[in-house]
Amino acid sequence: MSNAKQAKQRAAELRTQINHHNHRYYVLNDPEIPDVEYDRLLRELEQIEAQYPDLITNDSPTQRVGAAPLAAFASVRHALPMLSLSNAFSSEELQAFDRRACEKLGVEKIRYSAEPKLDGLAISLLYEDGLLVRGATRGDGNTGEDVSQNVRTIASVPLRLLGENYPRRLEIRGEVILSRRGFEDLNRRQRELNAKTFANPRNAAAGSLRQLDSRVTAARPLELYCYGVGIVEGIELPPSHSEILEQVRAWGLRVSPEVRVVEGWQGCLDYYEDMLSRREQLPYEVDGVVYKVDRNDQQQQLGFVSRAPRWALAHKFPAQEEVTRVLAIDIQVGRTGAVTPVARLQPVSVGGVTVTNATLHNQDEIDRKDIRIGDTVIVRRAGDVIPEVVSVVLSERPDGAEKFKMPDKCPVCASHIVRLDGEVVARCSGGLYCAAQRREAIKHFASRRAMDIEGLGDKLVEQMDERGFIHDLSDLYHLDKQQIASLERMGEKSAQNLLDGFDKSKETTLPRFIFALGIRMVGEATAHSLATYFGTLEAIAAADKEALQAVPDVGPIVAESVYRFFREQHNRDVIARLRQAGVHWPRVRPSPKPIDHPLSGKKIVLTGTLESMTRDQAKARLQALGAKVSGSVSVKTDYIVAGEDAGSKLEKARQLGVATLDEQAFLRLLDA
Ligand code: 5U1
């Protein structure tokens, strides 16, 4: 067989395999192969198609990445109008609907197909000879927009139907949605990019699908759930809605796993109650349930009223958005110093839960939504997500309401609030002093790689803080034995052991001490670089941003963080008190020039037991040479130092082709 022929055959095989695995992964949530294997198949197909572009077909899974932007969407006239649904807001309305339907059909009881009503954007997908040829929005029900390029990027939309017995022409109808997780991820990314966030998953789904640039759509985690069919040509459909949905599933499309067949209005109501009770656990937002008379012949008998079928009803859940007023905007300081504005609201019941607060995230978000104290706002509470202010009702704004500006001092400790370049979160800079950050600061300070205070575990820190023993870090070294012995599960002896631990920790090293201060963005390696570059804490504290940036590995953001930390008088006071309490370290000879050693700048992983030194000693020597010591192996690792009994890390390093050093080779290189 010629090469081109072989490539054609292999491309067809790969397409079938990948489409099959796509279905397993995105539609059934039940993958058969690991992600790496899937990626390998896709890469192989991409390579073949790059070599033989003629082999690219419309249903190729490589064609989901989006295409060049459109100037506008073309209009699509729906051959069968996309109808809307009548709504019910109470069980009485449901019973009335059922009674009318029973009377018209002349039956005692009706069998319904019940399903969740997803909150997204209605879509029509047209398949011809099994191939996706068009995707269109509902629009006004008669005319929608051609969003074919965008629809193709949705992983759960099959580009080709599965099986053999599909109709010549088939129109599938469903809802394009964003899951809760997808919505939160998208809004988080938008915030990080300082871009507009979406008010709710529905708006986010609509905004993502109606993009003229389908590459934007491709980057949004849209999903499709199908709930019915439109035009069908060439085969006879099964005689009921529930069986049609089964058939739709068999063609490879995703149908909600929550579809149930129920009997009479009572069966509908039981279904409603069940879904309502599980509403918050579902992976996507549901704004109600839909009941459809299951038998096709009965549907036909019932017909339509204006634009809605008489055989279907949407039974709505309580709303997740309500209107209330912003009474105040408070500032919360988290355990890591993150400063978050929070709206205090006139209490309002949203979906059965009283909401009194809503997060405002940060100053940018407040500015974008222009939220002011006294404003009437729409709040939204969905799932276990913290309530949010969606928008302001501007027409209700009281006279004189002023723009809100975040304070520049921490409301807990009065230290400066700092926002580093590129970060959306503002933070209190009084890390050593601020009561809101105290527990985490002490836990970090005491940890093994920092001051290594033996016996001071997290539980003890929490007790000490609760009892008010510690106001800032330096108080640790002034605790007396009686105080310690009064804590839970502490006696005379363990109190003495802890005091010994405090004493022992006073003898430390400059890198450890700098690391222990918990300066944002300063990990062990940076602490080490700062110490070896400047030699003294005074020099680091006095350095301006430019001087700090001269340190290897210190860029503008880290320099800003270190600079701001030492500009905060509260932090300097705590450091002075720690030194007065006896914390000290040996002199460090400053080496402002970059170290010229074969290991400097290299990324190294230590594994197994070395005979000649402990892991910490090896690490210290490497760091002194300007090497970076990491806990995990990756393609970026330069060397793995393997002592006795090295295990899985060594295995992984070998798989990745990372150079291995045994102890002898390591020692030789250290001395090089
Ligand atoms: N789940 C579901 N949503 N939804 C919307 N089913 C469903 N059916 C619809 C609509 C507009 O319409 C048909 C009953 C015509």
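Predicted model: local features only at pLDDT ≥ 70, side-chain atom pairs only at ≥ 80, totals over all residues.
Local features need a pLDDT of at least 70 and side-chain atom pairs count only at pLDDT 80 or more, whereas totals for chains, interfaces and linings use all residues. Residues are numbered from 1 along each chain as its sequence is written, and side-chain values use heavy atoms, with hydrogens and water left out.

**The ligand and its shell**

The residues around the ligand are L83, L85, E115, P116, Y227, V290, K292, W311 and A312, where a residue counts if one of its heavy atoms lies within 4 Å of the ligand. By class, this shell holds seven nonpolar, no polar and two charged residues; Ala, Val, Leu, Ile, Met, Phe, Trp, Tyr, Cys and Pro count as nonpolar, Asp, Glu, Lys and Arg as charged, and the others, Gly among them, as polar.

| Protein atom | Ligand atom | Distance |
|---|---|---|
| E115, polar side-chain atom | nitrogen | 2.9 Å |
| P116, polar backbone atom | nitrogen | 3.2 Å |
| K292, side-chain N or O atom | nitrogen | 2.8 Å |

Of the 380 Å² of accessible area that the ligand has on its own, the protein covers 85%, with areas taken from the Shrake-Rupley method with a 1.4 Å probe. Two or more residues of the shell come from each of β3 (111-118) and β10 (286-293), strands being DSSP runs of E with at least two residues and helices runs of H or I with at least four, numbered from the N terminus.

**The largest pocket**

The ligand sits in the largest pocket, meaning that more than half of its atoms lie within 2 Å of the pocket's grid points. A pocket is an open set of points, on a 1 Å grid over the protein atoms alone, where a 1.4 Å probe fits, with protein on both sides within 12 Å along at least five of seven lines, and lining residues have an atom within 4 Å of a point. The volume of the largest pocket is about 1300 Å³, and of its 39 lining residues L83, R173, Y227, V229 and W311 are the closest to the centre. β8 gives the most to this lining, with seven residues, and by class the lining has 21 nonpolar, eleven polar and seven charged residues.

**The second largest pocket**

The second largest pocket has a volume of about 710 Å³. Its lining comprises 27 residues, of which Y25, Y26, A155, P221 and L222 are the closest to its centre, and α1 (3-27), α2 (35-51), α5 (180-192) and β8 are the elements that each give two or more residues to it.

Definitions and conventions: Polar contact = N/O pair within 3.5 Å; in protein donor to acceptor, adjacent residues only side chain to side chain. Points joined across faces, edges and corners; volume = space filled by probe spheres on them.
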